[in-house]
Amino acid sequence: QVQLAESGGNSVQAGGSLKLTCSVSQAISTYSRYCMAWFRQAPGKEREGVASIYPSGHEGYYADSVKGRFSISRDRAKDTLYLQMNSLKPEDTAMYYCAADRRRLCYAALIPLNYQDWGQGTQVTVSS
């Protein structure tokens, strides 16, 4: 099982930026084979996919609402996943989670059921 720990959440003004970090506590060689993704969940709403990335480091998918503003990346040497968030909007306010898909073949789809391991989340609050 992969242990994931998010950090970097904060309260910011609209238009600001944040960079979220997800640390993976498992051997680099194993981590590098997983699809990874960021999800978010606002109070009273379902969890939604934000961005995903393939084991190769190629970007997977972005939610339409964040395209052009958010960027996902990974650093294999540091066992770390990132989410750079720019031009933040109040509607981006949510708990953000990173997730890992440990299946041999992963497709980086933004479907929560595809991911077996989840972090505890980090809160992002954007005020107008």
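A residue here counts as buried when its relative accessible area is under 20%. In this predicted model, Tyr 115 comes in at 4% relative accessibility, so Tyr 115 is buried. Trp 118 is another story: its relative accessibility is 25%, which makes Trp 118 partly exposed.

Aromatic pairs in the model come to three. One of them joins Phe 39 and Tyr 115: the ring centres are 5.3 Å apart and the planes meet at 75 degrees, so this is an edge-to-face pair. Phe 39 sits in strand β4 (residues 35-41), while Tyr 115 belongs to the loop between β9 (94-101) and β10 (117-118), so the contact ties together parts that lie 76 residues apart in sequence. Tyr 115 has a further partner in Trp 118. Here the centres are 6.5 Å apart with the planes at 70 degrees, so this pair is edge-to-face as well. Put together, ring pairs link Phe 39, Tyr 115 and Trp 118 into a cluster.

Next comes the charge that sits over rings. Arg 47 lies over the face of Trp 118, with 4.7 Å to the ring centre.

Now for the strands. In general, the strands of a sheet pair through backbone hydrogen bonds, and the pairing can be parallel or antiparallel. In this model, four strands make up an open sheet, ordered β1-β3-β8-β7, and the pairing is antiparallel. At the edges are β1 (4-7) and β7 (70-75), each of which pairs on one side only. From one strand to the next, the twist averages 15 degrees.

Strand β3 covers residues 18-24, runs antiparallel to β1, and is joined to β1 by four bridges. Across this pairing, Ser 7 stands opposite Thr 21 of β3.

Conventions. Residues numbered from 1 in each chain as written. Predicted model: local features only at pLDDT ≥ 70, side-chain atom pairs only at ≥ 80, totals over all residues. Heavy atoms only, no water. Phe/Tyr/Trp six-rings, centres within 6.5 Å; stacked < 30°, edge-to-face > 60°. Helix = DSSP H or I, 4+ residues; strand = E, 2+ residues; numbered from the N terminus. Buried < 20%, exposed > 50% of the residue type's maximum accessible area, 1.4 Å probe, protein only. Lys NZ or Arg CZ within 6 Å of the ring centre and 35° of its normal. Pairing = 2+ DSSP bridges. Axes fitted to C-alpha atoms, helices over the stretch in contact; angles between N-to-C directions.
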